[in-house]
Amino acid sequence: MAVEKILMPQLGESVTEGTIEKWLVEVGDTVNKYDPIAEVNTDKVNAEVPSSYTGVIKELVAAEGDTIEVGELVCYIDIEGGASEEKQEESTGQKAIENLSEDKKDQEEVDQPMKRRYSPAVLRMAQENNLDLEQISGSGKGGRITRKDIQKVIESGEMPAPKEEPKAVSKKEEKKEAPKAPVKETSEGKGADVPVAEGDIEIPVTGVRRAIANNMLRSKHEAPHAWTMIEVDVTNLVEYRNGIKDDFKKKEGYGLTFFAFFVKAVVEALKEFPQMNSMWAGDKIVQKKDINISIAVGTDESLFVPVIKNADEKSIKGIAREVKELAQKAKTGKLKGEEMQGGTFTVNNTGSFGSVQSMGIINYPQAAILQVESIVKRPVVMNNGMIAVRDMVNLCLSLDHRVLDGMICGKFLARVKENLETISKDNTSVY
């Protein structure tokens with residue numbers, strides 16, 4: 001048998017690392033190629049790492065909770081069909097030469113200042129926790145510092161702060177200066193030093209929750225958020241949907257929600273104002289061709305953001321079906337990585353919890369998120385001066401002010417409002 005390495009795979013676009021949430025195998029287990037061997041969390045998706053070979057698990061290098069960069073070793077596996085003894089003997093000399101060459105190469109890499117080649121994730125964690133990377137030893141190849149190294153420093157409580165130039169102090173001042181008590185530093189990224197009293201419950205931060213926290217923190221730090229809101233009269237929409245929902249469910253086998261109508265109205269407005277379907281890319285703004293709508297789906301423990309791909313090509317019925325299917329997959333843990341990638345604009349159904357006004361955090365790197373609030377009955381002054389009870393809803397837009405300005409966002413919201421207020425049984429089809 002031959003020993004092979006299984007490495008951390010690329011689990012999504014721009015994903016650079018993953019956290020081993022749970023091993024699905026133990027040393028000595030026999031696995032087939034493509035069998036899942038570990039559950040992994042990233043900042044974009046929860047996924048299972050498949051085995052690259054058929055064989056027997058020899059050693060689990062990474063422990064549960066470890067964060068491993070893409071391409072790094074996670075375990076060893078003994079595989080069948082290795083080289084025959086005769087061939088192995090013939091290649092012994094060549095392998096010896098290769099091993100010497102590899103040893104020399106590894107030593108050269110250790111001697112090189114690789115630790116100064118920091119990944120974006122490492123830089124972000126160091127900045128958030130006020131750490132001096134020059135004072136941290138790296139466990140990566142060539143001494144490179146990994147997220148695992150940063151996490152160990154944070155958990156240890158020994159936080160090496162950036163060095164300061166020593167100031168000249170006279171002997172007189174040195175005598176007067178009283179000794180200072182040590183101060184434990186905290187940061188927004190690390191969290192406060194919270195005392196735990198009897199009866200308090202400590203809940204460990206899972207990989208999913210940590211990924212959500214990191215993405216939200218990055219969005220708030222990097223994107224200058226601005227907010228705006230518009231009020232929409234959806235009385236005709238409510239009457240239309242309530243009038244056809246029973247027949248629709250009998251015919252299609254699933255419910256027709258208000259949310260599908262809102263998503264469709266947003267998609268039609270995005271086609272008219274494609275600037276809203278953009279992303280910030282540092283030295284340029286990327287206006288996306290495809291309209292892929294991200295929707296937030298919450299479970300008891302986590303928040304997932306699956307994507308309705310090419311939403312502009314779907315009817316209200318098609319959107320309703322896909323919302324149902326994606327929500328069901330999220331709640332049963334069956335969402336695939338590709339089903340959570342490629343979103344260009346987010347529509348969040350905060351109204352399902354009774355909310356009437358909220359300010360969402362943008363789903364980075366998108367440029368905006370629209371919160372659809374609860375539909376409530378309110379007294380409204382009509383154009384003829386009469387007061388009537390109408391079904392009203394607030395639409396709350398959070399925007400990245402680097403990409404979008406108030407004028408374009410105002411026009412976009414006005415179009416969404418018009419699209420919703422003109423829905424009726426006479427001019428709207430769900431098919």
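Guide: Let us start with a charge and a ring: the charged end of Arg241 sits over the ring of Phe258, 4.4 Å from its centre. This is a predicted model, in which local features need pLDDT of at least 70 and side-chain atom pairs count only at pLDDT 80 or more, while totals for chains, interfaces and linings use all residues. Residues are numbered from 1 along each chain as its sequence is written, and side-chain values use heavy atoms, with hydrogens and water left out.

Visitor: What makes Arg241 count as sitting over the ring of Phe258?

Guide: The term requires NZ of Lys or CZ of Arg to be within 6 Å of the ring centre and within 35 degrees of the ring normal. The distance for Arg241 and Phe258 is 4.4 Å, and Lys251 likewise lies over the face of Tyr431, at 4.6 Å from the ring centre.

Visitor: Why are Tyr240 and Phe261 called an edge-to-face pair?

Guide: Rings of Phe, Tyr and Trp (its six-membered ring) pair if their centres lie within 6.5 Å, and planes under 30 degrees apart count as stacked, over 60 as edge-to-face and the rest as tilted. The structure holds four aromatic pairs. For Tyr240 and Phe261 the values are 6.1 Å centre to centre and 80° between the planes, so the pair is edge-to-face. Tyr240 belongs to helix 7 (residues 235-252) and Phe261 to helix 8, 21 residues apart; helices here are DSSP runs of H or I with at least four residues, strands are runs of E with at least two, and both are numbered from the N terminus.

Visitor: How do you know that Tyr240 is buried?

Guide: Buried means under 20% relative accessible area, exposed over 50%, and partly exposed in between, with a 1.4 Å probe and protein chains only. Tyr240 has 10% relative accessibility and therefore counts as buried, and Phe261, with a relative accessible area of 1%, is buried as well.

Visitor: What makes Phe248 and Tyr254 an aromatic pair?

Guide: Their ring centres are 5.5 Å apart, and with 85° between the planes the pair is edge-to-face. Ring pairs link Phe248, Tyr254 and Tyr431 into a cluster.

Visitor: Why is Thr67 called buried?

Guide: Its relative accessible area is 16%, so Thr67 falls in the buried class. Thr67 is placed in strand 7 (residues 67-69), and a polar contact of 3.0 Å joins its side chain to that of Thr19. A polar contact is a pair of N or O atoms within 3.5 Å; within protein, one must be able to donate a hydrogen and the other to accept it, and residues adjacent in sequence count only if both atoms are side-chain atoms.
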